[in-house]
Amino acid sequence: MALASIGAMFSLLIYLSLPCSNAAAENILHQSPPPADGSRRPIVFPLFLSQPNSSRSMSLLHRKLHSKSLPHSRMRLYDDILLNGYYTTRLWIGTPPQMFALIVDSGSTVTYVPCSECEQCGKHQVIIKLISTMTSLKHLISWLFHQDPKFQPEMSTTYQPVKCNMDCHCDDDKEQCLYEREYAEHSSSKGVLGEDLISFGNESELTPHRAVFGCENVETGDLYSQRADGIIGLGQGDLSLVDQLVDKGLISDSFALCYGGMDLGGGSMVLGGFAYPSDMIFTDSDPDRRYVPKCLSFVLIGEWIRFNTIDSPYYNIDLTGIRVAGKDLLLDSRVFDGEHGVVLDSGTTYAYLPDAAFSAFEEALMREASPLKKIDGPDPNFKDTCFHVAPSNDAAGLSTIFPSVEMVFKSGQSWLLSPENYLFRHSKVHGAYCLGVFPNGKDHTTLLGGIVVRNTLVVYDRENSKVGFWRTNCSELSDRLHIDDSAPPPTTLPLNDSNPTLNTSSSLPGGEIQIGQINLDIQLTVNSSYLKPRMEELSKVLSKELDVKSSQVYISNLTSKGNNSLIRVVVVPTEPSSLFSNVTETSIVSRFTNHQIKLPDIFGNYELVSYTLEPSRKRARWVMKNTIVVMAILIVAVVVGLIAYGVWLMWKRKQASNPYIHVDEAIVAEQELLPL
């Protein structure tokens, strides 16, 4: 009553906030410790890097204006959700590109990799399967051991630190932006924010583009010990890679993940929209869902209390019920509406239900699987629910033994799960399987991890605030999309902001990276008559800026374009028979696109108009010359062979014309046969 009277008299606004650290303020979703056998520890929800006065509704509004015809990036997924606890994909950062194996995490809002100066980063190591398409062989399969990669900013000619500003947390010197992420299993990552070219592989329709990412200085917990190099953040937030690509108008506001099945693993990731299957099941997702953070803050207005909430960075779906063997569980639909609601998180291994939902689900499953023998789990420290099945049964045969499970949406549609979507293999008993769904303890969020979406194409249609599900063989989806995971980043570089008309082309056959010559068409803001006597000087300046020999750079032609000049700069390798690598070519071109070539004032300003890549002409002539020589030798050999054959035939005929030859007869003594 005292508060009410004070509010009525003075309309007093009192703001109260519980003391807490910055880390706590960014929300950590609590999870009960998962059953751990060493290989199935999940990567769970990270803290959300809050931005002052950010508005998700405004950013989503302008994203709906993007065209459906935008390109997309298709990328192969590696590993297995239960063997490693996650799936990874390959990303290239910098110029020249540095490759990293990153965990695909739809629950994280930042992409980060270890920095070269990081002394508290683990020794990450990933087995990479390379499949190269050769001209003489269909496929060459090799295994490469990829160990302890760290991003080296000093080796990238396009790297720039993100300078301190009002929208980020700054270092002590107020010079550079920082980031920090904490996870529920007590691992963490923190470091500085940088910006560089991000490449998505040779099969991507996206050319390399600049993006902000984290360069780690400290790793703890699982992040320190894991094999993967870092995380690619696909969540909803300003630092998310998806948000950055969408905000620049490079892709439509959508992406898709497809995790391989129990026996195969692998899969695909697609950044951007594409033609979805007609029978895909969609459900609504609320991008503006808000929640009260663990670090509670609230406002007292008279006798009313209003809790301060923040936008959730996670992808939720409107789940209202669960069916087991066609029978609805007796649950209040509001059980799935707690805290963050029902969240899809590709970085989490298993599924976690609120206690009431888990108890009902486990009871129904046990009732349907009652004939099966119950056994202990692989780890005695955890009470896993496990069943012994005939050793000959594979993942495909589990559907005849275990019941079907359906996720029922608010629209009335349902998403059918097979047993591989809620079971995992027993690591110690052959032919045994354990339940991959667990209670979420005090957390009222329903968390659906990677196990639930195995062999399911999941489309995150952020533009229309929907999530789609479609059953398919995800291990073969990448082949159907014609993804070549061995190819390096594309040779085409991004457009410079000041030069949106940059044209690129390549005369290389079949997409092979055999670059013998780089042609750069450059416009200078000086007239041609002034530039003509200074061509040799300009050539030397360019060779010095490119760190190549002066004999490797020459200017092939000069044309006038009003008061400006258009020149073609040709860069060739050191030896006539040698070739440029893709990395070298990318580095040379990027120096012009990003205006890192410093020219004396007498040459004015420059702009890269276009560039082309060509194979080595001298090498081609050498190949042709050798081909002619080989063919001449073969022709001579055939002629000589025919002549020799003709001579031999004539000799045989001469021998045949004298069949009777006189031979002096001699009496030969008869020899006695050996006795039997």
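**Entry 1: the annotated positions.** I am working from a predicted model, and I began with the UniProt record, an unreviewed entry, which places the feature "active site" at Asp 105 and Asp 345. I then checked how these two positions sit in space: although they are spread over 241 residues of sequence, they cluster, with a largest C-alpha distance of 6.7 Å.

**Entry 2: Asp 105.** I located Asp 105 in strand S4, which covers residues 98–105. Its relative accessibility comes out at 0%, so I note Asp 105 as buried, the cut-off for that word being under 20% relative accessible area.

**Entry 3: Asp 345.** I found Asp 345 in a loop, between strand S24 (342–344) and strand S25 (351–353). Asp 345 is also buried, because its relative accessible area is 1%, which falls under the 20% limit.

**Entry 4: the surface patch.** I turned next to the surface, where Ile 635, Val 639, Ile 643 and Val 647 form a nonpolar patch whose accessible area is about 370 Å² together. I followed up one of these residues, Val 639, and placed it in helix H11, which runs over residues 617–656. Is Val 639 buried, exposed or partly exposed? I recorded it as partly exposed, because its relative accessible area is 42%, and that value lies between the 20% and 50% cut-offs.

Terms used. Residues numbered from 1 in each chain as written. Predicted model: local features only at pLDDT ≥ 70, side-chain atom pairs only at ≥ 80, totals over all residues. Heavy atoms only, no water. Patch = residues over 30% accessible without salt bridge, like charges linked within 9 Å, V, L, I, M, F, W, Y side chains within 5 Å. Areas by Shrake-Rupley, 256 points an atom, 1.4 Å probe, with all protein chains shown as cover. Salt bridge = Lys/Arg side-chain N within 4 Å of Asp/Glu carboxyl O. Helix = DSSP H or I, 4+ residues; strand = E, 2+ residues; numbered from the N terminus. Buried < 20%, exposed > 50% of the residue type's maximum accessible area, 1.4 Å probe, protein only. UniProt positions renumbered as here; feature names shortened; annotations may be inferred.
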